[in-house]
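Dear colleague,

I am passing a structure on to you with this email, and I would ask you to have it open while you read my notes. Please take your time with it before going on.

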Amino acid sequence: MIYLLAAFVFAALTAWATWKQNRGLEFVAKPAVMVVLFFHLWTSVEMQGAPLWFGLGILFSLLGDVLLLWLDRMFLYGLAAFLFAQIFYVIGFNSPPSPFTAWSAIMAILIGWGSARVLRQILSALMEKGNARMRIPVTVYGTIITLMLLSAMLKLADISWDANASLLVALGAFLFYLSDIVLAWLKFVTPIQNGRIINIGLYRLGQIALVAGVVMQYQQS
């Protein structure tokens, strides 16, 4: 519990530092969130099987956070780090995969349709602004984070998962997904009032909920 409380504190400090443009505090607080979340996972469950993949996802998210401290110069490298993080989360959620049900089909259709619409608008904005070289990286990342969201949502109907744990990971994945939409919108489409604060808040809360759900699930295994 102490690690989750620390994560919330560092998340709030990150948002405050971004709002006040306090780079020194941002350099400390931003990566600290994922550091304490990794220690929460590491000290709570055995780091093998699915938890190991989630641990790798946390570490690559940490790398992405550090790289995106220089958002304009290091964006592509940060995107690559988060791409690997999403891949590891997908593997974690599918170790083993959830059974195929009517819920699976409904979620796949809804999430796939919604993601395709958002991605189409982002890609159109890239073309309009002469940033076509980012189309492939953004498409690949958008596809993988959509798979991550779907994999997490399927846990809601997976009887091998604790109900509260599945709610947490589904919520966490959804907030993470929304945070990336906000960031992409800010960078490629149009400014959003307080967009960076919204992006940071959604991302931090998403990661905290996701990791809390994973720990809740695998502490009981």
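What follows is a description of the salt bridges and then of the nonpolar core.

Please keep in mind that this is a predicted model, in which local features need pLDDT of at least 70 and side-chain atom pairs count only at pLDDT 80 or more, while totals for chains, interfaces and linings use all residues. Residues are numbered from 1 along each chain as its sequence is written, and side-chain values use heavy atoms, with hydrogens and water left out.

A search of the whole structure gives four salt bridges, where a salt bridge is a side-chain nitrogen of Lys or Arg within 4 Å of a carboxyl oxygen of Asp or Glu. One of them joins the side chains of Arg23 and Glu26, at 3.2 Å from N to O. These two residues are three apart in helix 2 (residues 23–44), and so about one helical turn separates them; helices here are DSSP runs of H or I with at least four residues, numbered from the N terminus. Arg23 is partly exposed, at a relative accessible area of 38%, whereas Glu26 is buried at 7%. Buried means under 20% relative accessible area, exposed means over 50%, and partly exposed lies in between, with a 1.4 Å probe and protein chains only.

Another salt bridge is formed by the side chains of Asp72 and Lys187, at 3.8 Å from N to O. This pair links distant parts of the chain, since Asp72 belongs to helix 4 (residues 71–93) and Lys187 to helix 7 (residues 163–189), 115 residues apart. Asp72 is exposed at 68% relative accessibility, while Lys187 is partly exposed at 29%.

The side chains of Lys155 and Asp158 also meet in a salt bridge, at 3.5 Å from N to O. Lys155 is buried, with a relative accessible area of 1%, and Asp158 is buried as well, at 7%.

Turning to the core, the largest nonpolar core has 58 residues, of which Phe54, Met148 and Phe188 touch the most other members; such a core is a set of buried Ala, Val, Leu, Ile, Met, Phe, Trp, Tyr and Cys residues joined through side-chain atoms within 4.5 Å. Helix 7 gives the most to this core, with 11 residues. Not counting residues up to four places away in sequence, Met148 is in contact (heavy atoms within 4.5 Å) with Gln86, Tyr89, Val90, Phe93, Ala173, Phe176 and Leu210.

With best wishes
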